[in-house]
Amino acid sequence: MSLIDLTCAYPRGADAKVRLTEIPLKSAKTAYTGMVYDFESNSMDGSYLDLPGHIRETDDGQRSDNLDPAQFYRVPCSVIRLDRTSGSGAVSGAELEQAFGGRVNTPALMINALGKLDPQDIDIRSVWLDFSALDWMISCGIRLLVSDIFESKSLDGVFLKLFQAGISTVCEPRGMSRIRSKQVELTVMFPKYPGLTQFPCRILADDGMQD
């Protein structure tokens, strides 16, 4: 196994939202101190998973606590690589298909549109997926999309169209250029927190081509 962690770290300011309580525990047999944390977190801190219910109009009833974890464990995932620069505009379906060398036939898709850059390294939303890219992905039958680009600055409705098609999205991955293979086994881990349709997650890719 060659496991690559693609998870974005929590923002630096997150430490200010954590309060540590030290609890002394003692009995006739032992004594030690428990470290207990109270923390405040936003559903978009770090990397995060969006279910269709993140948009009210496309809510399909899936929640963090009723998801089948098997659907996110070692999922066959195709990897498409581009090398787009800041401000280079829309990515089309034809561009994705050409870069991959054909159509995708896995339930998950990873788009590394920015090469060695991460989303924070470009002018925000200056590279995005156009509707032909969405139509192509939907026609391939994917159910899960991990990508370093999504919407444009004009808010075209990228997430709305993906969620209408039942495609969940993983946002803010990091370091996808480290992947060498055309296909990996993708695992997305998340808390089982009642009622949530958007929540932080851990992104792991098993790339068999790594040393």
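**The whole chain**

Start with a cartoon view: the protein chain has three helices and 13 strands (DSSP runs numbered from the N terminus, helices being H or I with at least four residues and strands E with at least two). This is a predicted model, where local features need pLDDT of at least 70 and side-chain atom pairs count only at pLDDT 80 or more, while totals for chains, interfaces and linings use all residues. Residues are numbered from 1 along each chain as its sequence is written, and side-chain values use heavy atoms, with hydrogens and water left out.

Zoom out, and the C-alpha atoms fill a box of roughly 70 × 45 × 35 Å along the principal axes. Of the 211 residues in the chain, 45% are buried (under 20% relative accessible area with a 1.4 Å probe, protein chains only; exposed is over 50%, partly exposed in between). Take the contacts (heavy atoms within 4.5 Å) with a separation of 6 or more: 74% of them join residues 24 or more positions apart.

**Helix α2 and the core**

Select residues 131–140, which are α2. Which residues of α2 are buried? Colour Ala133, Leu134, Trp136, Met137 and Cys140 to see them. They sit on the same side of α2, because they cover an arc of only 160 degrees around the axis (the arc of the directions from the helix axis to the C-beta atoms).

Now show the largest nonpolar core, with its 30 residues (a nonpolar core is a set of buried Ala, Val, Leu, Ile, Met, Phe, Trp, Tyr and Cys residues joined through side-chain atoms within 4.5 Å). Leu109, Leu129, Met137 and Leu145 touch the most other members. At least two residues each come from α1 (93–100), β7 (108–112), β8 (127–129), α2 and α3, and α2 gives the most, with five. Click on Met137: leaving aside neighbours within four places in sequence, it is in contact with Leu109, Ile111, Leu129, Ile142 and Leu145. A second, separate core has 23 residues, including Leu6, Leu51, Val75 and Val79.

**A stop at Ser168**

Ser168 lies in strand β10, residues 168–171. Is Ser168 buried or exposed? Ser168 is buried, with a relative accessible area of 5%. Not counting residues up to four places away in sequence, Ser168 touches Leu49, Asp50, Leu51, Pro52, Arg143, Leu144 and Leu145.

**Pockets and a cavity**

Switch to a surface view. On a 1 Å grid over the protein atoms alone, a cavity is a set of points where a 1.4 Å probe fits but cannot get out, a pocket is an open set with protein on both sides within 12 Å along at least five of seven lines, and lining residues have an atom within 4 Å of a point. Volume is the space filled by probe spheres set on the points, which are joined across faces, edges and corners.

The largest pocket holds about 670 Å³ of space. It is lined by 30 residues, and Tyr48, Ile124, Arg125, Phe150 and Glu172 are the closest to its centre. Both β4 (48–50) and α3 (158–164) give two or more residues to this lining.

For the second largest pocket, about 200 Å³, select Tyr10, Phe39, Ser41, Asn42, Ser43, Pro191, Tyr193, Leu196 and Pro200.

Finish at the largest cavity, about 30 Å³. Its lining includes Asn112, Lys116, Asp148 and Arg174.
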